[in-house]
Amino acid sequence: MDAKALSILNFKEVRRRSIHVWRGIPDDYLGWKVDENSATFGETIRHVWTSIPYYFEVLKAKKSIQDFKEDESPIVSVADEIARSQASFDAFLGWIEALDSKDLEDCIIDRSDVGYQRSLGDMLARVAYHEAVHTGQLLQAMRMAGLDRPKVWD
């Protein structure tokens, strides 16, 4: 398996497990949060899936972008958030699939404004890691809320 195929597999696995966790959160808990300074369950789900279109734009531009419009529509249900996330996720994976494998090493993403420059392959790994970290945070928050936690290790 080459690096590009491995990256796509990783994104699919991370998202599959994220959705498994998201579905474990009852809609009436979407406004629950650990403390007054944390994001709610719903805000965290929205942050995770809207990060994909944001990073997609960053990676295509090969630099940070400042004018990305966040989705501010009401968070209605977990099922709605999952459905709304699918098109951008599919487009992102399609873009990765169309890349030349050498782009993963040769293409540099300049985010000097936030303190780094990374290869495209490195950035793809970081984007998937971002989602995985938030999935772990959701699992911990579910424990704190007294909710049953889905098993993500299959």
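Modeller: Start with the buried residues of H1: Lys4, Ser7, Ile8, Phe11, Val14, Arg15, Arg17, Ser18, Ile19, Val21 and Trp22. Here buried means under 20% relative accessible area, exposed means over 50%, and partly exposed is in between, using a 1.4 Å probe and protein chains only. Helices are DSSP runs of H or I with at least four residues, strands are runs of E with at least two, and both are numbered from the N terminus. Keep in mind that this is a predicted model: local features need pLDDT of at least 70, side-chain atom pairs count only at pLDDT 80 or more, and totals for chains, interfaces and linings use all residues. Residues are numbered from 1 along each chain as its sequence is written, and side-chain values use heavy atoms, with hydrogens and water left out.

What covers those buried residues? The cover includes H2, H3, H5 and helix H4 (103–106). As for length, the 21 residues of H1 should span 30 Å at 1.5 Å a residue, and the end C-alpha atoms of H1 are 30 Å apart, which agrees. The expected span is 1.5 Å times one less than the number of residues.

Now take one of the covering helices. H1 (residues 3–23) packs with H3 (residues 78–98) at an angle of about 180°, and their axes are 11 Å apart. The axes are lines fitted to C-alpha atoms, for helices over the stretch in contact, and the angles run from 0 to 180 degrees between N-to-C directions. H1 and H3 are therefore roughly antiparallel. That label is for angles over 145 degrees, while under 35 is roughly parallel, 65 to 115 is roughly perpendicular and the rest is oblique. On the H1 side, the residues that meet H3 include Lys4, Ile8, Phe11 and Arg15, and those they meet in H3 include Phe89, Phe92 and Leu93. Sorted by class, this contact holds ten nonpolar, one polar and five charged residues. Ala, Val, Leu, Ile, Met, Phe, Trp, Tyr, Cys and Pro count as nonpolar, Asp, Glu, Lys and Arg as charged, and the others, Gly among them, as polar.

H5 (residues 120–145) also belongs to the cover of H1. Leu138 is placed in H5 and is buried, with a relative accessible area of 3%. Leaving aside neighbours within four places in sequence, the contacts of Leu138 are Val21, Trp22, Ile25, Phe41, Thr44 and Ile45, where contact means heavy atoms within 4.5 Å. H5 itself has 26 residues and reaches 38 Å from its first C-alpha to its last, close to the 38 Å expected. After H5 comes Gly146, with a positive phi near 80°.

H5 also packs with H2, at an angle of about 175° and with axes 10 Å apart. H2 and H5 are therefore roughly antiparallel too. Phe41, Thr44 and Ile45 are among the H2 residues in this contact, and Leu138 is one of those in H5. The residues here divide into 14 nonpolar, five polar and one charged.

Still in H2 (residues 41–61), have a look at Arg46. Arg46 counts as buried, at 7% relative accessibility. Setting aside neighbours within four places in sequence, Arg46 touches Asp71, Glu72, Ser73, Pro74, Ile75, Glu81 and Arg84.

The loops on either side of H2 each have a residue to check. Ser38, in the loop between H1 and H2, is partly exposed at 21% relative accessible area. Lys62, in the loop between H2 and H3, is partly exposed as well, at 43%. Lys62 also has a positive phi of about 65°, although it is not a glycine. Most residues other than glycine have a negative phi.

Last, the strands. E1 and E2 (residues 116–119) pair in the antiparallel sense over four bridges, and pairing requires at least two bridges found by DSSP. Gln117 is the bridge partner of Asp110, and Arg118 that of Ile109. Four residues lie between the strands in this hairpin, where Gly115 takes a positive phi near 105°.
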